[in-house]
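Subject: Structure handover

Hello,

Please find the structure below. My notes on what turned up follow it.

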Amino acid sequence: MKKIFRILSYVVIAALMLSCGEAEPVARTASPAENTVQAYFLTGDSGNVETQEYLDPAARSIPVIIARVLERDENDAIIPASAPEITVNVSIDDKTGLFTIPETVTIAAGKETATFNITIANTVETGINYMVKIRVADNQGNVYGTVTGAPELTKKFMLVKWVDLGEVTVVDGFLEMLGIPEYKVHVFWGESTIMYKIPGFMTDLSDNDAVVNAPVDFTFNIDAKNTFIADGPSATLGGSAVRIFDSGLPVDEVAGPGAGTGNILLFTDISEEYSHFDAKTRKLVINSYYGFKNLKGTTSGWGWKDMMFTLPALPSE
């Protein structure tokens with residue numbers, strides 16, 4: 001009996017193998033990379049799929065850079081065959097109807113990027129934080145992601161009238177150790193908001209050429225309860241934004257003996273818990289983590305220190 005079952009098993013297996021051999025071949029589906037032009041919005045950070053901008057009330061457009069993944073040779077030059085002229089389909093999700101973009105954007109032959117504008121309607125109001133989503137067409141987006149952007153981007157922006165509150169003297173616990181007792185900056189207030197900024201206080205050192213050394217405003221909020229709230233780049237520095245001081249000293253000297261040339265002062269984090277604002281004296285203390293980063297990308301931490309200055313009174317006070 002066992003022999004009969006064994007023989008029947010062999011027959012069944014043979015029949016299955018024959019039926020598989022006669023099946024029509026399954027068509028191979030191309031991978032997303034083969035189906036697309038691998039376009040994406042350039043933000044300087046693959047994890048940065050949401051940006052916040054504060055614009056002058058007169059602004060009527062917001063520039064957006066669209067890029068594509070190209071092949072390069074051993075000298076990092078673009079291989080021409082990988083860079084034909086292409087037209088990328090883009091769309092916008094805007095529930096207000098106040099913002100528009102072109103339906104297509106052309107990236108010229110041999111070029112990696114192109115720029116287009118989000119157009120702002122004249123009826124957009126100041127002091128309101130608007131949000132839109134823009135995206136590359138599904139069959140053209142770089143679905144694998146890049147180190148410098150994403151195929152879908154949420155852009156938040158507000159029209160703000162910035163009022164210059166004047167010059168303030170900053171005492172920095174970290175710089176005091178380096179023999180720099182104080183320095184001066186201008187502080188601005190966003191009219192009718194809880195926002196403040198120090199223009200160009202930091203510099204973005206992203207590795208992407210499109211945003212290297214772009215000035216970054218140090219922005220923060222002080223709410224109705226007089227609570228300090230980190231905002232914008234200062235809330236999510238992550239080691240990408242730095243402060244470079246005009247101390248009149250060589251950078252390596254400011255960094256200290258043996259630090260090496262090209263070292264620059266680095267913010268890596270801000271503690272809201274240990275930062276505070278005194279409404280009576282208007283003294284603002286911002287607790288920050290400091291360190292150095294050289295041009296080769298090597299970093300070294302120094303620890304937490306306070307940056308302090310007196311916030312000028314608002315015009316309405």
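I start with one residue. Glu53 is partly exposed, because its relative accessible area is 23%. The bands are as follows: buried is under 20% relative accessible area, exposed is over 50%, and partly exposed lies in between, with a 1.4 Å probe and protein chains only.

First, the ground rules. This is a predicted model, in which local features need pLDDT of at least 70, side-chain atom pairs count only at pLDDT 80 or more, and totals for chains, interfaces and linings use all residues. Residues are numbered from 1 along each chain as its sequence is written, and side-chain values use heavy atoms, with hydrogens and water left out.

**Overview**

The protein has four helices and 19 strands. Both are DSSP runs numbered from the N terminus: helices are H or I with at least four residues, strands are E with at least two. Of the 317 residues in the protein, 39% are buried. Take the contacts between residues at least 6 apart in sequence: 62% of them join residues at least 24 apart. Contact here means heavy atoms within 4.5 Å.

**Glu53 and its partner**

Glu53 sits in strand β2, residues 50–55. Setting aside residues up to four places away in sequence, Glu53 touches Ile62, Lys155, Lys156, Phe157 and Met158. Glu53 and Lys155 lie 102 residues apart in sequence, yet their C-alpha atoms are 7.8 Å apart. Their side chains meet in a salt bridge of 2.7 Å, N to O. The term covers a side-chain nitrogen of Lys or Arg within 4 Å of a carboxyl oxygen of Asp or Glu. This pair links distant parts of the chain, with Lys155 in strand β10 and Glu53 in strand β2. Is Lys155 buried or exposed? Lys155 counts as buried, because its relative accessibility is 6%.

**The other salt bridges**

How many salt bridges does a search of the whole structure find? The search finds four. One of them joins the side chains of Arg135 and Glu152, at 3.3 Å from N to O. That pair also links distant parts of the chain: Arg135 is in strand β8, Glu152 is in strand β10, and they are 17 residues apart. Arg135 is partly exposed, because its relative accessible area is 24%. Glu152 is partly exposed too, because its value is 36%.

Asp76 forms a salt bridge with Arg72, and their closest N and O atoms are 3.9 Å apart. Asp76 is exposed, because its relative accessible area is 52%. Arg72 counts as partly exposed, because its relative accessibility is 34%. Arg72, Asp76 and Glu112 are linked in a network of salt bridges.

Two strands pair if DSSP finds at least two bridges between them.

Ile134 stands opposite Leu153 in β10.

Another open sheet has five strands in the order β5-β7-β3-β1-β9, with antiparallel pairing. Its edge strands are β5 (99–100) and β9 (149–150), and each pairs on one side only. Strand β1 (residues 39–42) runs antiparallel to β9, with two bridges between them. Leu42 has Gly149 as its bridge partner in β9.

**Nonpolar cores**

In soluble globular proteins, nonpolar side chains tend to be buried together. A nonpolar core is a set of buried Ala, Val, Leu, Ile, Met, Phe, Trp, Tyr and Cys residues joined through side-chain atoms within 4.5 Å. The largest one here has 28 residues, and Tyr196, Phe220, Met307 and Phe309 have the most contacts inside it. A second, separate core of 27 residues includes Ala39, Ile66, Phe116 and Tyr130.

Best wishes
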